[in-house]
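Morning, everyone. I have one protein to walk you through today. Please keep the picture in view while I talk.

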Amino acid sequence: MLEKMTDTREKRALFSESRIVFLGEAIHGVAEFTRFRLAVARRFFCENSILLFEADSTGMLLSHQRRETAYLRLKNFPRVMRTQEILQLLTWGIDRQLPCLGIDCIPRHDLTDFPPTWQQQRRHEVAEYLEMKSSTDYFEQRDARMADNVLIAAMNYPEHRMLIMLHNLHIKRQGSRENNGLRLRSVREYLEKIIPEQSHSIAQLARGGRALHNDLTPFNFQIDDPLSLEMHLDVVSHTLFPASRIPPDCVAWHHAFERETLPVREQYEGCLVYGRVHIPRLV
């Protein structure tokens, strides 16, 4: 599948010509989005690379240092990501001896599982998170923290490329220019100020299908907005669009129910669009 989609130099460059590749998803609970991430990792990040997930940063570091199995590392992920597809991706990365780390500041790994020498730091992180969650700018603080964790990884692995897997909301080039509830200074925006011109953002979108909400409730959706990239005539089963091939007025949909306001080509270097998607297999 990936070989056919990246059949031009312009498409391959989306994944091969920058040190940092942000690979997003419009909805967390979709099987195809994670399968594509595995395909990209296998082809473009099989060596001298690290995989960064939207998972508990300190918990994933502990799991990495303990050399835990992929299954045990799932406890660092939100429930909607504890899937067979994520398990396959983690297993592949661990088997290749690639660092599989997290950048999220949401504490999911249980405190009692941390060794005594880590517990004071962990209690501090939990207290900071609870304070942050009650603030009016929680979402912006979270993206800033995730960007800090990307920078730490970049410094710890200066010779490695990074595949960073987040929701589309966190990888936009100009998320702070969105309107209303979708306005958010993204991880990508924070990173550009410190490590400029080293990143590509590729969003994943879907026209319709069945997915999971973050609370694991399944839902069906169908996007019929004629100005959306999801409705582009070229989309049959799946199509990869470099920004140059995206019409200038096309927009995308966030989590299938919120319409973005800035044109897609201003937010991402490329987009993969599926015609129909399916729910992942929960572990």
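Let's start in a loop. Leucine 166 sits between strand β4 and helix α9, in the loop that joins them. A quick word before I go on: this is a predicted model. Is leucine 166 buried or exposed? Its relative accessibility is 0%, so leucine 166 counts as buried.

What does leucine 166 touch, once we skip residues up to four places away in sequence? The list runs Phe22, Leu23, Gly24, Glu25, Arg37, Glu54, Ile103, Met146, Ile171 and Val187. Now compare that with a residue further off. Histidine 255 is 89 residues along the chain from leucine 166, and their C-alpha atoms are 13 Å apart.

Two names on that contact list deserve a visit. Take glycine 24. You will find glycine 24 in the loop between β1 and α3. Its relative accessible area is 0%, so glycine 24 is buried. Beyond its neighbours within four places, glycine 24 is in contact with Arg37, Leu166, His167, Asn168, Ile171, Ile202, Ala203 and Gln204. Look at one of those, isoleucine 171. In sequence, glycine 24 and isoleucine 171 are 147 residues apart. In space, C-alpha to C-alpha, they are 6.7 Å apart.

Next comes glutamate 25. Glutamate 25 is also in the loop between β1 and α3. Buried or exposed? With a relative accessibility of 2%, glutamate 25 counts as buried. Leave out residues up to four places away, and glutamate 25 touches Phe33, Arg37, Met81, Leu166, His167, Asn168 and Gln204.

Now let's step back to the whole protein. How many helices and strands does the protein have? There are 10 helices and 10 strands. The radius of gyration is 18 Å, close to the 19 Å the globule rule gives for 283 residues, so the protein is as compact as a globular protein of that length. Along its principal axes, the C-alpha trace spans about 55 × 40 × 40 Å.

What share of the 283 residues is buried? Buried residues make up 57%. Contacts tell us about the fold as well. Take the contacts with a separation of 6 or more: 73% of them join residues 24 or more positions apart.

Helix α6 covers residues 84–95, which is 12 residues. From first C-alpha to last, α6 reaches 16 Å, close to the 16 Å expected at 1.5 Å a residue. Which residues of α6 are buried? They are Glu85, Ile86, Leu87, Leu89, Leu90, Trp92 and Gly93. These buried residues pack against several elements, including α3, β2, α4 and β3.

Now a point about backbone angles. Most residues other than glycine have a negative phi. Just after α6, glutamine 97 has a positive phi of about 60°. Arginine 67 is not a glycine either, and its phi is positive, about 55°. Arginine 67 is in the loop between α4 and α5. At 74% relative accessibility, arginine 67 counts as exposed. Then there is histidine 255, with a positive phi near 55°. Histidine 255 is in the loop between β8 and β9. Its relative accessibility is 10%, so histidine 255 counts as buried.

Two last stops. Phenylalanine 44 lies in helix α3. Its relative accessible area is 15%, and buried means under 20%, so phenylalanine 44 is buried. Serine 16 is 28 residues away along the chain, yet the two C-alpha atoms are separated by 6.3 Å.

Finally, glutamine 198, in the loop between α9 and β5. Glutamine 198 is partly exposed, with a relative accessible area of 29%. Not counting residues up to four places away, glutamine 198 touches Ser18, Arg19, Ile20 and Glu192. Glutamate 17 is 181 residues from glutamine 198 in sequence, and 8.8 Å from it C-alpha to C-alpha. That's my tour.

Key
Residues numbered from 1 in each chain as written. Predicted model: local features only at pLDDT ≥ 70, side-chain atom pairs only at ≥ 80, totals over all residues. Heavy atoms only, no water. Helix = DSSP H or I, 4+ residues; strand = E, 2+ residues; numbered from the N terminus. Rg over C-alpha atoms; globule rule 2.2 N^0.38 Å. Buried < 20%, exposed > 50% of the residue type's maximum accessible area, 1.4 Å probe, protein only. Contact = heavy atoms within 4.5 Å. Expected span 1.5 Å × (residues − 1).
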